[in-house]
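Please walk through this model with me, from its strands to its nonpolar cores.

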Amino acid sequence: MSYKTCLATWMGVLTLSACSTTSTPVPLAEKIDLDRFMGKWYVIAHIPLWVDKHSFNAVESYELAKDGTIATTFTFNEGSLKGPLKTYRPTGFVREDTNNALWGMQFIWPIKAQYKISYIASDYSSTIVARDKLDYVWIMARKPTMDETEYERLLTLIKGYGYDISKLRRVPHDTQQTN
């Protein structure tokens, strides 16, 4: 196959794949009160990143810094309820004109990953953080356990966004232990 034929074939494949990947973006929560959102959130379930795919007792904590950034502390036990404690400290950057519901989360400079608060309970007891790429998602709550009816309701929302919920992993928590 000649170079021109090969190039034309790849261009055609790329064009067709670009046409087929259009999807509706994950919705944003209507408005996030940052002061109410700050504090400790237990990861109830997630489609994990490579770093936390064996996490137990996973907790994400947020603190609003004076410069408007979000100081984040993510902790979990690796591999078991009593496994070694891992801690990560990314920084959140609230995107303007998003009612505080869209952040860039920076683990390493200069990359800011999309962090989209797509759902927040009216009492700020549970939340869903998602991404338009439908690659990662987190169900979090203020307590280490969640009522099964509420969990199923949030799963329905996530499935409606287009996620494959068979990839979701429930995160075990030792309710006697706190991070």
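In which sense do strand 1 and strand 2 pair, and over how many bridges? They pair in the antiparallel sense, over four bridges. Strands (E, at least two residues) and helices (H or I, at least four) are DSSP runs, numbered from the N terminus. Two strands pair if DSSP finds at least two bridges between them.

A note on the source: this is a predicted model, where local features need pLDDT of at least 70, side-chain atom pairs count only at pLDDT 80 or more, and totals for chains, interfaces and linings use all residues. Residues are numbered from 1 along each chain as its sequence is written, and side-chain values use heavy atoms, with hydrogens and water left out.

Stay with strand 2. Its Glu-60 is the bridge partner of Trp-41. Strand 2 also pairs with strand 3, antiparallel, over eight bridges. There, Leu-64 stands opposite Ile-70 of strand 3. Five residues lie between the strands of this hairpin, and Gly-68 takes a positive phi near 90°. Seven of the ten residues of strand 2 are buried (under 20% relative accessible area, with exposed over 50% and partly exposed in between; 1.4 Å probe, protein chains only).

Now the cores. A nonpolar core is a set of buried Ala, Val, Leu, Ile, Met, Phe, Trp, Tyr and Cys residues joined through side-chain atoms within 4.5 Å. The largest has 23 residues; Ile-32, Phe-37 and Tyr-62 are among those touching the most other members. Helix 2 (34-37), strand 2 (55-64) and strand 3 (70-78) are among the elements that each supply at least two residues. Apart from this core lies another, of 21 residues, including Val-26 and Ile-44.
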